[in-house]
Amino acid sequence: MERSVACNILPSKQRRAVKASETDLIHKSYLDGQRLPVVVEPGIHQIDLARWAETNRDFVDATLANVGAILFRNFKIANVTQFESVIKAACGELLKYTERSSPRSQVAGNVFTSTDYPAGQSIFLHTEQSYNYTFPLRIAFFCLTEPASGGETPIADTRRVLKRIRPETRERFERLGYLYVRNFGSGIGLSWEEAFQTSDRKEVERHCRTSQIDFEWLPDGRLRTKQRRAVVAYHPSGAEAWFNHLTFFHVTTLEPDVRTHMLENFREEDLPNNTYYGDGAPIEAEVMDELRGAYLAESLSFPWRTGDILLLDNVLTAHGRAPFTAPRKVVVAMTSPCSWPEISK
């Protein structure tokens with residue numbers, strides 16, 4: 001099958017040794033012996049990161065394909081305009097935030113705040129918009145204001161997550177896929193107007209049909225959607241990765257107090273978000289524990305510094321958020337559209 005330009009990213013042989021680039025403009029290292037991210041820092045005092053990224057896309061592509069995450073540090077990136085320039089130079093145009101599932105505020109253009117959840121809540125590891133038919137292959141975070149404490153963005157290699165999952169668990173999900181059921185209009189979570197960025201029901205229906213989403217309009221203007229998705233992606237590099245939202249959206253992954261509130265106030269079929277096996281059967285508690293454990297076992301994190309840019313291959317690297325003490329301001333941009341047929345067998 002022919003792949004799009006965005007997904008046609010080929011790997012190069014990974015080099016773990018710390019060394020300068022061919023032009024000696026940057027230094028490459030790792031944080032405290034961690035497998036990821038690769039840390040890229042300037043090798044000289046004055047370097048235009050956007051210009052460097054534009055002329056070194058092969059390095060960016062190969063590093064992301066091999067390792068999955070790059071942390072650009074100490075480049076004196078001070079504002080959203082500079083961040084946007086760097087990501088455009090490295091990856092191409094930024095994407096709109098479509099088929100939304102979490103609250104975000106637009107900062108400028110297609111740069112948004114990271115998920116606007118209360119500071120005391122954690123956000124479980126996930127791969128951005130993997131429930132969408134078309135999703136970003138790349139996602140980038142920029143730290144405008146480092147947290148007073150906490151607030152890390154934990155990351156995990158989804159290739160390694162996949163290897164931790166029992167063969168029988170993988171086989172069942174690969175055979176059935178998973179089902180994501182979403183209810184809009186309950187008073188909790190985004191409205192369908194916000195999620196689909198339109199107040200036109202016909203436009204919502206058109207999007208659902210072209211994105212392989214089943215939909216049902218319910219009384220009082222509510223909307224229920226169901227989408228079956230695969231669980232394993234076949235990355236353009238040839239790697240197999242655990243790429244899905246089945247763990248993130250399952251009701252048992254919510255923090256205990258939030259989960260209790262949801263289950264006390266909603267029938268299961270009316271929950272704002274939940275996941276099932278692809279045939280609609282409930283997922284066993286022990287399987288959900290297994291999946292969460294696989295992510296957590298591979299989770300790595302580091303403290304944010306103001307000016308940091310974290311660039312991820314969204315298929316190969318999951319991300320989350322730790323609770324924090326304010327202030328903290330991290331913005332996000334998505335790029336390089338890819339669709340499920342391009343990463344499926």
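Colleague: Leaving aside neighbours within four places in sequence, which residues is A119 in contact with?
Modeller: This is a predicted model. A119 sits in the loop between strand 6 (111-113) and strand 7. Setting aside neighbours within four places in sequence, its contacts are R321, P323 and F324.

Colleague: Is A119 buried, partly exposed or exposed?
Modeller: The relative accessible area of A119 is 26%. Buried means under 20% and exposed means over 50%. A119 falls in between, so the residue is partly exposed.

Colleague: What separates the C-alpha atoms of A119 and E99?
Modeller: Along the chain, A119 and E99 are 20 residues apart.

Colleague: How many cavities of 30 Å³ or more does a search of the whole structure find, and what is the volume of the largest cavity?
Modeller: The search covers the whole structure and finds two cavities of 30 Å³ or more. The volume of the largest cavity is about 120 Å³.

Colleague: Which strand gives the most to the lining of the largest cavity?
Modeller: The lining has 13 residues, and S114, F141, H319, G320 and R321 lie nearest the centre. Two strands each supply at least two lining residues: strand 7 (123-126) and strand 18 (317-321). The top contribution is three residues, and it comes from strand 18.

Colleague: By class, how many residues in the lining of the largest cavity are charged?
Modeller: Three lining residues are nonpolar and six are polar. R321, among those nearest the centre, belongs to the charged class, because Arg counts as charged. The charged residues in this lining number four.

Colleague: How much space lies in the second largest cavity, and how does its lining divide by class?
Modeller: The space is about 70 Å³. Its lining includes S101, S102, T115 and Y117. I123, H126, E128, H245 and F248 also line this cavity. The division is three nonpolar, five polar and one charged.

Colleague: Is strand 16 mostly covered or mostly open?
Modeller: Strand 16 spans residues 273-277. Four of its five residues are buried. The strand is mostly covered.

Colleague: Which residue in strand 16 is the bridge partner of Y180?
Modeller: Strand 11 (residues 178-184) and strand 16 run antiparallel. Five bridges join the two strands. For Y180, the bridge partner in strand 16 is T275.

Key
Residues numbered from 1 in each chain as written. Predicted model: local features only at pLDDT ≥ 70, side-chain atom pairs only at ≥ 80, totals over all residues. Heavy atoms only, no water. 1 Å grid on protein atoms, 1.4 Å probe; cavity = no way out; pocket = protein on both sides within 12 Å on 5 of 7 lines; lining within 4 Å. Points joined across faces, edges and corners; volume = space filled by probe spheres on them. Buried < 20%, exposed > 50% of the residue type's maximum accessible area, 1.4 Å probe, protein only. Pairing = 2+ DSSP bridges. Contact = heavy atoms within 4.5 Å.
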